[in-house]
Structures are given as C-alpha cells and as structure tokens.
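Work through the two exercises below with the sequence and the structure side by side, and follow each solution step by step.

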Amino acid sequence: MPMKPGDIEDLIKAGIPGAKVVIRDLAGDGDHYAAEVVAEAFRGKSRVQQHQMVYNALEGKMGGVLHALALQTSAPD
C-alpha cells in the first residue's frame with residue numbers, strides 16, 4: 001500500500017524535530033514524491049549527511065513502501 005504524503009511528513013518531522021517539510025506527489029500514484037526539508041539540524045552538514053538524516057527518519061520505508069523520493073534539503077537562512 002502506498003504511503004500518504006502526511007505520513008511521510010510526520011515521519012520526517014518526528015525524526016528531525018523542528019523541520020519544515022513540504023511533500024509533493026509527483027506522479028499522482030502515491031509512489032513518487034518530492035520532499036523539501038528545511039531544518040536547523042542540517043546546518044554544517046553535507047548534502048549527503050542531510051539526505052541520510054531524512055532517510056533515517058523514514059525508518060527503512062525508502063525502497064519499500066516508499067518507492068521514490070526526490071529530496072531538497074537545507075538549513076534555514
């Protein structure tokens with residue numbers, strides 16, 4: 001069963017407290033999403049480290065229940 005955008009957002013916010021998250025369904029199929037995540041926790045971390053933090057927050061659902069997630073991450077301005 002595909003994940004709902006709200007479930008993805010909730011997992012990311014739980015794993016990265018204080019994060020601002022915007023989820024978009026790219027294909028309308030519930031399997032292909034884009035996420036924009038802005039979090040103070042990303043400050044000083046590389047893009048790879050930021051993405052790893054998001055994947056960890058998703059609790060192993062990437063590649064399974066969640067087929068594809070395009071990530072854009074940053075620290076707040």
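**Exercise 1.** Find the bridge partner of A34 in β3, and trace how the chain crosses from β2 to β3.

*Solution.* In β3, A34 has A70 as its bridge partner. From β2 the chain passes through helix α2 (residues 47–57) to reach β3, and this β-α-β crossover is right-handed, which means that, with the strands pointing away from the viewer, the path from the first strand over the helix to the second runs clockwise. Helices (H or I, at least four residues) and strands (E, at least two) are DSSP runs, numbered from the N terminus. The model is predicted, with local features needing pLDDT of at least 70 and side-chain atom pairs counting only at pLDDT 80 or more, while totals for chains, interfaces and linings use all residues. Residues are numbered from 1 along each chain as its sequence is written, and side-chain values use heavy atoms, leaving out hydrogens and water.

**Exercise 2.** Determine how the strands pair and in which order they stand in the sheet.

*Solution.* Begin with β1 (residues 20–25) and β2 (residues 32–38), which pair in the antiparallel sense over 6 bridges, where two strands pair if DSSP finds at least two bridges between them. One of these links has V22 with E36 in β2 as its bridge partner. Next, β2 and β3 (residues 68–74) run parallel and are joined by 7 bridges. The open sheet of 3 strands therefore has mixed pairing and the order β1-β2-β3. Finally, β1 and β3 stand at the edges with a single partner strand each, so one side of each is left without a neighbour in the sheet.
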